[in-house]
2 protein chains.
Amino acid sequence: MLLRLLFVVHLLLAIPAPVLAADPLPSWNDGRAKQAILKFVRAATDQDSPHFVKPGERIATFDNDGTLWVEKPVYTQVVFALDRVRELAPRHPEWKTEQPFKTLLEAPNDAALADFSIQDFAKIVADTHTGITTSEFSQIVCHWLQAAQHPRFDRPYTELVYQPMLEVLSYLRASGFKTYIVTRGGQDFVRVFSDRIYGIPAGQVIGSAGKTAYEYDADGQPILVKQPEVFLIDDKQGKPEGIHLLIGQKPHAAFGNSTGDQQMLEWTQSGGRPQLMMLVHHDDAQREYAYGPDSKVGTFSKALMDEARERGWVVISMKNDWKRIFAFEELSAGE
Amino acid sequence: MLLRLLFVVHLLLAIPAPVLAADPLPSWNDGRAKQAILKFVRAATDQDSPHFVKPGERIATFDNDGTLWVEKPVYTQVVFALDRVRELAPRHPEWKTEQPFKTLLEAPNDAALADFSIQDFAKIVADTHTGITTSEFSQIVCHWLQAAQHPRFDRPYTELVYQPMLEVLSYLRASGFKTYIVTRGGQDFVRVFSDRIYGIPAGQVIGSAGKTAYEYDADGQPILVKQPEVFLIDDKQGKPEGIHLLIGQKPHAAFGNSTGDQQMLEWTQSGGRPQLMMLVHHDDAQREYAYGPDSKVGTFSKALMDEARERGWVVISMKNDWKRIFAFEELSAGE
């Protein structure tokens with residue numbers, strides 16, 4: 001009886017305890033970046049610390065492309081949109097002569113993509129992501145994600161998430177933080193996979209969004225139809241604006257990787273509160289990619305690097321700070 | 001030793017259990033409305049029920065004015081806006097000749113208010129709620145709420161919340177639901193008090209919203225300045241649109257009290273999922289107010305009542321279903 005009771009006590013006590021006991025960031029090398037995260041979280045959760053953050057105010061925001069998953073050779077949503085163009089082309093004979101569709105359909109390769117502008121992409125999104133219901137759109141994205149493969153890694157895009165960042169997400173949540181995605185990518189696009197791959201529910205995804213229109217279908221059932229009018233471009237100054245619209249509170253931690261994240265990090269840092277600002281720097285051509293100021297995708301300008309140094313933002317070196325980049329990599333021996 | 005162990009086991013086992021043991025809705029009379037809530041929640045949380053709802057999908061939305069707190073004789077935010085007009089009037093000599101300000105400043109009483117249109121109110125909001133930072137606005141609202149008193153109840157507006165609805169909010173949250181406010185009122189206005197009086201954090205408040213602009217103040221600190229351009233009018237079809245924008249999932253339960261909530265309830269009911277739609281009907285002139293199809297504030301039209309009957313939405317009678325309306329009322333003897 002006593003032994004059985006002891007066993008029950010052991011079981012009951014064992015449930016909540018060990019979450020934070022082991023190293024919460026096993027894929028990180030010990031260094032300034034890892035220490036900055038650990039130090040911030042310990043202080044934020046320590047009532048006796050001057051950097052304590054009340055549970056209701058523990059908010060952390062993450063850019064998506066290039067911060068949580070691969071954005072090279074081109075943003076995943078761009079690949080999706082181009083696949084949509086090809087799929088819808090038979091229904092749009094006018095695209096044979098209309099740009100940017102003409103070029104795309106004639107030369108659907110990396111060269112054509114390289115010359116693409118943000119205006120071209122906006123036009124493609126307006127023509128391929130709208131006029132359908134929100135649930136139709138989710139299904140289309142869902143099916144596409146199941147079939148699409150990254151050209152270099154030959155894996156689904158949803159496997160190309162950074163294991164060290166998944167650990168940061170889990171560690172922050174285990175420490176009472178609410179984790180949000182704040183992305184220039186389409187809100188409806190990212191919501192399809194955010195819960196499954198990041199544990200972030202749809203309501204905690206802030207992204208670029210078009211208007212929707214409430215209508216009734218032929219059976220009188222209500223539907224929301226995606227409209228071509230833009231509601232929010234969640235990039236640069238749009239990030240703090242989007243954070244205000246959807247969260248209404250300032251984050252205490254923010255993670256990005258490009259010039260589009262500058263304002264989000266500034267906003268997080270303002271007001272003299274406990275705070276952590278980090279930027280992922282892609283400097284690992286072997287295991288992932290190496291790019292910076294000259295890249296059209298995920299530009300990390302010299303001005304951003306200077307601002308990071310000046311303001312004490314921590315730059316994460318993928319090469320030096322991360323033991324592994326993807327969950328499917330083996331950890332090297334002895335680790 | 002054995003006794004102490006038993007005691008520890010008892011303590012450990014006792015922690016999560018008793019939350020739902022007692023009547024979760026003590027301010028509700030037993031009747032169709034109370035039973036509908038209990039039945040819905042029991043099924044939604046019972047894995048063996050065909051009406052089980054997965055934890056991540058447990059979302060419930062609540063209108064605010066007239067559903068969670070008093071909206072008579074006029075919406076609280078209208079009173080706030082009019083007080084702002086009077087406060088700002090010395091800085092706006094042009095208001096002496098400009099409508100609707102002229103009428104308001106000359107006859108700031110119920111009679112003047114009665115003739116007010118939604119366009120008038122929009123103009124007042126555009127002129128009094130903008131050109132200041134989001135944090136200045138919060139502080140103004142916060143101070144106003146501390147001082148303002150309801151003309152009939154002589155209490156702060158934040159005390160005029162419906163105790164039975166607070167119990168529904170708590171009961172749903174204890175059952176794993178995420179509770180959201182979906183209000184025509186200003187998002188930034190409601191967020192000032194939502195956490196304190198309803199336990200609903202800012203990020204779970206969906207309301208009408210204007211644009212903001214990310215700027216830097218004289219010290220180079222980032223600020224968000226409220227703009228006069230409207231972003232979202234969260235009323236009627238704007239409610240499902242706002243729900244999609246901020247939550248990205250369909251609610252399983254929705255509570256309203258007026259024609260502005262019709263589309264939110266339709267949207268909640270669509271798609272053949274477990275669902276609960278309820279409408280608060282103000283039929284208690286003695287303890288609160290009685291109004292319906294002819295009221296300009298919180299209109300409960302005949303068409304809405306017909307739709308509720310047809311679709312099986314549950315109409316809550318404040319008079320018959322609620323033992324008490326406000327927390328400050330005594331429960332009648334024997335209860």
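Visitor: What is the bridge partner of A:V280 in strand 7 of chain A?
Guide: In this predicted model, A:V280 has A:I316 in strand 7 of chain A as its bridge partner.

Visitor: What makes strand 6 and strand 7 of chain A a pair?
Guide: Pairing needs at least two bridges found by DSSP. Strand 6 and strand 7 (residues 314-317) of chain A are joined by four bridges and run parallel, so they count as paired.

Visitor: What about strand 5 of chain A, in which sense does it pair with strand 6?
Guide: Strand 5 (residues 253-256) of chain A pairs with strand 6 in the parallel sense, over four bridges. There, A:A253 has A:L276 as its bridge partner.

Visitor: Why is the unit of strand 6, helix 12 and strand 7 of chain A called right-handed?
Guide: With the strands pointing away from the viewer, a right-handed path from the first strand over the helix to the second runs clockwise. The unit with helix 12 (residues 302-311) of chain A is right-handed, which means that its path runs clockwise in that view.

Visitor: Why is strand 6 of chain A called mostly covered?
Guide: A residue counts as buried if 20 or more other C-beta atoms lie within 10 Å of its own. Six of the six residues of strand 6 (residues 276-281) are buried, so the strand is mostly covered. A:L276, A:M278 and A:V280 point one way, while A:M277, A:L279 and A:H281 point the other way.

Visitor: How many of the residues of chain A count as buried?
Guide: Of its 335 residues, 40% do.

Notes. Residues numbered from 1 in each chain as written. Chains lettered and ligands numbered in written order. Predicted model: local features only at pLDDT ≥ 70, side-chain atom pairs only at ≥ 80, totals over all residues. Buried ≥ 20, exposed ≤ 12 C-beta atoms within 10 Å, placed from the backbone. Helix = DSSP H or I, 4+ residues; strand = E, 2+ residues; numbered from the N terminus.
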